[in-house]
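Subject: Structure handover

Hi,

Here is the structure for your files. Please open it alongside this note, then read on for what turned up.

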Amino acid sequence: MLEKFATAYGWMARARTGVTVSLLAGLLVLEALCGAALVHADTVNRYPTGDFAANFTTLVGAASHFDAVDDAVADGSATYVEANADLEIDLFSFPAFSVPAGATNIAVSVTYVAQKGGALASSLAPYIRVSGADYTGTAVDPVNGTFTQYSHTWAQNPNTSSAWSIAEVNGTALQYFGLVALDTTQPPQVTQAYITVTYTPSGNRPIMHNSATTGSLKWSGNGGWGVAGGRYGEFKCTTCHQGGTTNIKRIRTTLPTTLDPIAPTTTNFPGTTITFLDAMAENTLPGAGTADFGDDGR
């Protein structure tokens with residue numbers, strides 16, 4: 001498993017441990033594994049399905065305001081809404097989100113595609129209603145004559161100034177989204193708008209190797225391995241990685257006999273010393289790797 005992963009990134013690994021090397025299979029990954037750039041996040045878009053407030057003056061190419069901006073691919077001047085007076089607001093309803101239990105790092109974004117039809121000043125901002133209160137994102141002066149995509153992200157719930165909860169984005173707290181025209185000296189036009197929720201799913205991220213993400217049947221009688229309630233408990237970045245280690249790839253020099261408090265476990269995690277000092281093939285054939293390194297099925 002690891003050899004396939006390593007080959008894709010142009011390096012092969014050699015590990016010398018005091019225990020069976022397959023304990024680390026799939027876990028000895030790039031040094032930046034625990035960095036934010038490699039943490040898997042799920043993204044869910046919702047397009048408008050109804051008008052809550054349809055105040056933009058001009059509607060082009062559609063029967064309703066939401067229908068003018070609900071395209072999965074922006075259709076430019078074929079359908080759009082245009083604001084002709086300051087503080088006009090279009091707010092849209094959307095299908096409920098279904099962020100799964102255990103998700104973290106939840107963020108809400110509004111993305112829209114807009115332009116203005118001349119060189120005069122214009123200002124347009126995304127808008128959300130949360131628990132009955134309205135919040136405006138960063139305003140833009142749209143590009144003249146070219147529909148361009150813009151976006152604003154609320155990393156926290158603006159109504160509570162705290163992290164978004166699953167209940168808030170899935171329930172009735174996140175009510176509507178849309179746009180507000182702050183300056184219509186040059187009327188802004190909007191051809192597409194949608195709301196997005198991003199989050200980090202619990203446990204089984206594709207870059208985190210365990211029986212669920214690899215499809216391994218090893219320890220299936222114990223509920224799998226590396227997952228909550230399974231053999232060894234739930235693997236996390238800190239199960240095998242830490243800062244300040246003498247090993248490469250930030251691999252720990254020792255593993256505890258039990259993963260608590262690193263990860264809850266139902267079975268002691270075997271192994272103690274790990275020496276992982278280079279990233280070279282163990283044999284003389286470049287890229288051939290070793291016969292059994294990373295064999296989770298052994």
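Two strands count as paired if DSSP finds at least two bridges between them. Strands (E, at least two residues) and helices (H or I, at least four) are DSSP runs, numbered from the N terminus.

Before the findings, the ground rules. This is a predicted model, in which local features need pLDDT of at least 70, side-chain atom pairs count only at pLDDT 80 or more, and totals for chains, interfaces and linings use all residues. Residues are numbered from 1 along each chain as its sequence is written, and side-chain values use heavy atoms, with hydrogens and water left out.

**Strand β14 and its partners**

β14 covers residues 188-200. β2 pairs with β14 in the antiparallel sense, over 5 bridges. Within that pairing, arginine 46 has isoleucine 195 of β14 as its bridge partner. Strand β5 (residues 80-82) is also antiparallel to β14, with 2 bridges. Here valine 81 is bridged to valine 190 in β14. Strand β7 (residues 104-116) joins β14 through 11 bridges, again antiparallel. One of the bridge partners is threonine 196 in β14, which faces serine 109 as its partner.

Is β14 enclosed or open? Of its 13 residues, 12 are buried (under 20% relative accessible area; exposed is over 50%, partly exposed in between; 1.4 Å probe, protein chains only). The strand is therefore largely enclosed by the rest of the structure.

Glutamine 186 is in the loop between β13 (174-183) and β14. Its relative accessibility is 14%, so glutamine 186 counts as buried. What does glutamine 186 contact, leaving aside neighbours within four places in sequence? Lys116, Gly117, Gly118, Ala119, Leu120, Ala121 and Ser122 (contact means heavy atoms within 4.5 Å).

**The open sheet**

There is an open sheet of 5 strands, in the order β3-β6-β13-β8-β9, with antiparallel pairing. β3 and β9 (133-136) are the edge strands, each pairing on one side only. Leucine 91 has glycine 178 of β13 as its bridge partner.

**Aromatic rings**

Rings of Phe, Tyr and Trp (its six-membered ring) pair if their centres lie within 6.5 Å; planes under 30 degrees apart are stacked, over 60 edge-to-face, and the rest tilted. The count is 7 aromatic pairs. Tyrosine 47 and tyrosine 194 make a tilted pair, at 5.1 Å centre to centre and 45° between the planes. Tyrosine 47 lies in the loop between β2 (42-46) and β3 (50-54) and tyrosine 194 in β14, so the pair ties together parts 147 residues apart in sequence. Tyrosine 47 is partly exposed, at 23% relative accessible area. Tyrosine 194 is buried, at 12%.

Phenylalanine 94 and phenylalanine 97 form a tilted pair too: 5.7 Å centre to centre, 55° between the planes. Both residues are buried. Ring pairs link Phe92, Phe94, Phe97 and Phe177 into a cluster.

**Charges over tryptophan 219**

A charge sits over a ring if NZ of Lys or CZ of Arg is within 6 Å of the ring centre and within 35 degrees of the ring normal. Arginine 231 lies over the face of tryptophan 219, 3.8 Å from the ring centre. Lysine 218 lies over the face of tryptophan 219 as well, at 5.3 Å.

Best wishes
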